[in-house]
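Trainee: Could you take me through one part of this model in detail, a pair of helices and what lies around them, with the criteria stated as you go?

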Amino acid sequence: MAQPIWTTRPVDLNTVAELAYRLKVSPLLAHLLLQRGVRTPEEAIRFLYPRFEHLHDPMRLPGMKQAVQRLARAIDRGERVTIYGDYDVDGTTATALLIEILSDLGAEVDFYIPERESEGYGVNAEAIRKIRERGTALLLTVDCGITAREPLAEAARLGIDVIVTDHHAIDPERIPDSERIVALIDPKLPGSEYPFSGLAGVGLAFKIAQALLGAVSPEEDERLLRVLDLVALGTVADMAEIRDENRVLAKLGMEVLSRRERLGVRALAEVARLREDLELSSTHIGFVLGPRINAAGRLSTSEKVVRLLTTSSEEEAREIAELLDAENRQRREIEQEITREAIEQIERRFRPDQDAAIVVAKRGWHPGVVGIVASRLVERYWRPVVVIALDEAGGRGSGRSIPEFHMQEALLACGKWLEQFGGHAAAGGLSIRQENLESFRRAFLRVAKRRLRPEDLYPKLYLDAIVPLDELSVEALEELSLLEPFGEGNPSPTIGVRNLRLLEGPRLMGAANEHLSAWLTDGRIQVRAVHWQGAEHLTVLQLPEAEIGVAGRPRINEYNDRRSVEIVVSHWEITPVPHRDQGIFPGRVYPTWVKISDRRSDSDKRRYLVRIAERGEPALFYVRDGRALEQAMAIFQEAGLIGRVVELSPEAAQEEREERTMQFLEGAWSGLLAVEPVSTQEAPELWSQVRHVVICHPPRDEATFLQMAEPTLLGWGEGPPDESEVRYVHLLFNARDLEVDTRLRERWWPDREQLRAIYQALAASPEGLTWPQWKEAAAEVVEEEGLQLARRVFEELGLIRSLGGRPERIQAVRTEERRELDDSPTYREAQTKRLAWKLHQTRWAKWPAREFFERLLQYRRELLATPPVGDEP
């Protein structure tokens with residue numbers, strides 16, 4: 001697979017600054033919150049500090065009233081209730097939870113978990129007959145059943161009442177409809193008024209517990225607290241979206257899980273060698289506990305998992321935990337072998353230029369691990385993948401997808417070739433007759449080809465943020481723990497850091513030298529990077545003077561009572577320094593229609609400006625303000641270029657500006673000098689002739705930069721360009737420009753210390769000061785614009801009053817009452833602007849040319865974006 005493109009979802013730094021300032025958190029945490037759709041301080045507080053009061057009323061779920069009434073009647077009458085669960089972590093935890101709650105309420109309860117290999121997913125008629133032989137009067141499904149019309153019709157025929165609880169998507173043709181269906185509880189049912197449709201199966205089991213107990217929180221019934229560890233375990237392991245109710249249940253459940261009061265959880269943590277004092281996280285569920293629990297359902301039966309999670313015997317818990325640990329090791333060996341065989345099969349048949357998806361199948365593969373294998377294949381080929389294990393009766397398979405392709409919807413589109421299926425956006429499961437395999441394969445590939453664009457099939461590395469190294473402080477990483485637990489919709493943050501150099505190493509680690517570590521620096525800060533199974537990168541990291549980017553998960557490393565930042569690397573980005581290309585990115589060997597000319601370290605800006613103008617090629621020159629515009633025109637005049645470059649003065653009338661712009665586009669001048677970005681909406685075909693955009697001073701923000709550079713993105717042709725067709729964005733601002741702009745903005749937007757000095761200057765005169773006197777007294781602290789802002793702040797806080805007169809006299813108000821600056825809207829706005837500029841300044845100073853280039857490409861994709869077609873096969 002080609003090296004992935006680093007991709008982030010753009011987040012406006014002005015919005016980051018506003019949220020960071022109002023929450024009093026780091027910009028990094030604010031950035032990650034915005035990435036997760038959390039946009040206001042109120043939403044952030046609810047997200048970071050979830051409470052039981054945030055849960056919805058369980059009685060709003062469809063069918064809940066009828067289910068509770070029937071369960072209560074079964075308890076009163078002593079009828080046998082059988083819980084029919086699924087074999088994954090979600091299904092087994094949901095089963096264990098309801099066994100515990102119903103037993104506490106006095107119910108006669110047992111359970112049934114189908115065997116994956118012999119029975120497959122979901123409810124089956126043979127299982128129903130076995131359950132009836134036990135004397136079951138009421139069947140309660142968890143994490144399955146919403147598409148089991150025919151098997152549940154068998155339950156009705158045998159006289160069993162049925163309550164279905166499921167969270168999977170609805171197929172109207174398969175929804176149970178027999179007369180013995182007491183209730184269908186699924187928030188995705190048509191007409192459902194439940195506010196959240198993303199609950200896992202164990203989450204729905206918890207809602208039943210709430211309804212049965214007549215309680216919302218553990219304060220009302222402590223039995224709810226006891227089962228919260230099961231809710232967290234099943235919700236995170238099932239990759240349910242960690243938002244809304246799932247966020248509340250997972251966050252509070254992780255606290256219970258970490259206490260390890262459940263004997264089965266404690267035994268499982270012990271065999272996995274997790275320290276007793278270690279606070280468990282979503283990572284431990286995803287990579288330690290979850291795989292061991294799932295191993296039972298993959299290789300044997302999950303019945304023992306339910307016993308593990310409900311046992312009161314330490315001996316039994318230890319025995320089952322050791323068995324699960326052994327099965328997990330066996331699962332890994334089987335998985336590796338199937339992955340190898342699947343790759344061999346794909347390499348013989350896969351056509352990268354034509355196939356938008358992959359379907360592989362083979363007799364003898366273990367159905368319990370095909371989902372994991374599918375995930376490995378998605379990573380390798382960046383295509384939606386379905387892996388099917390065949391046997392005499394047919395096949396059972398699992399699908400995994402890329403972000404641009406909804407797996408469950410695709411399976412629905414191919415449903416006529418399938419016996420059963422289910423899933424969600426990222427993954428799905430199915431069963432199929434062998435004679436339908438090739439028809440399904442063709443249909444699935446057709447759906448993928450129609451719904452995916454060519455650019456969707458180029459591998460991408462989705463990052464939460466690309467930040468300078470100095471934003472990854474120990475304090476910032478401590479804050480990130482507030483985002484736990486991580487999972488679908490709230491992934492563990494993957495951060496990219498660029499513009500680094502090798503400081504020490506790299507060196508190999510591990511018993512087989514399979515791991516790699518290196519010390520990196522941005523020239524000021526150093527950080528250790530560790531790449532597990534990354535030994536293959538040893539040679540390329542040793543390229544002399546290479547520019548290095550790392551993507552991975554930052555963490556706090558504690559060693560000898562010292563805490564430091566460490567990055568666990570998932571991907572490297574190594575760029576040899578292109579000396580011969582003199583600051584051009586990409587270099588000559590990479591033909592592309594736009595390139596970055598990085599001149600931020602040039603000291604002679606004047607000579608470079610003249611050189612671009614002398615070429616006579618259409619060029620846009622941007623400067624910071626009217627004064628800089630006059631200085632630039634003087635440079636061009638001195639060089640004898642006044643007839644080639646025309647300025648767009650901010651003070652000029654709109655008609656004059658439009659006339660000069662059109663004359664430039666028609667070739668009257670080769671250069672246009674401006675302060676604000678020009679609009680390309682009119683005559684885009686003429687704007688596409690622009691060869692150079694020269695940015696002389698730091699842009700206000702990223703949006704301004706993109707608007708300035710937009711003409712270079714127009715009129716791209718097919719295939720690689722000739723050198724005469726390449727457009728250039730020239731970065732001509734330098735460290736001194738950044739310093740000047742920062743000092744200017746600090747004098748526009750005074751902080752607490754500046755405001756104190758300004759107020760003291762006024763308060764020193766009991767009779768007050770006129771505006772000219774106050775302006776003179778504050779001249780060393782702020783510009784007049786900053787003094788006007790200070791006046792608004794003091795007026796909003798009631799700290800000054802006007803005495804009138806000509807000139808107006810202003811007087812400080814003496815008060816014993818303490819006033820908080822944050823009570824002033826003007827002050828909050830000013831500090832937000834100040835922080836936003838600081839964030840932009842850091843980007844302009846530290847972004848490598850590659851980052852500017854990739855932002856331009858991403859912006860172009862957004863300009864050209866069209867929704868993919870979603871036809872049925």
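Mentor: In this predicted model, the axes of helix H1 (residues 13-23) and helix H2 (residues 27-35) come within 8 Å and cross at roughly 115 degrees, where an axis is a line fitted to C-alpha atoms over the stretch in contact and angles run from 0 to 180 degrees between N-to-C directions. Helices (H or I, at least four residues) and strands (E, at least two) are DSSP runs numbered from the N terminus. The crossing of H1 and H2 is right-handed, a crossing being left-handed if the near helix is turned anticlockwise from the far one by less than a right angle, and right-handed if clockwise. On the H1 side the contact (heavy atoms within 4.5 Å) is made by Thr15, Val16, Leu19, Ala20 and Leu23, and on the H2 side by Pro27, Ala30, His31, Leu33 and Leu34. These residues divide into 8 nonpolar, 2 polar and no charged, with Ala, Val, Leu, Ile, Met, Phe, Trp, Tyr, Cys and Pro taken as nonpolar, Asp, Glu, Lys and Arg as charged, and the others, Gly among them, as polar.

Lysine 24 forms a salt bridge (a side-chain nitrogen of Lys or Arg within 4 Å of a carboxyl oxygen of Asp or Glu) with aspartate 822, and the closest N and O atoms are 3.1 Å apart. Lysine 24 counts as exposed because its relative accessibility is 52%, whereas aspartate 822, at 24%, counts as partly exposed; the classes are buried under 20% relative accessible area, exposed over 50% and partly exposed in between, with a 1.4 Å probe and protein chains only.

For the setting of this part, the chain has 32 helices and 28 strands, and 57% of its 873 residues count as buried. The structure holds 79 salt bridges, and residues 24 or more positions apart account for 69% of the contacts with a separation of 6 or more.

As to conventions, residues are numbered from 1 along each chain as its sequence is written, and side-chain values use heavy atoms, with hydrogens and water left out. Local features need pLDDT of at least 70 and side-chain atom pairs count only at pLDDT 80 or more, while totals for chains, interfaces and linings use all residues.
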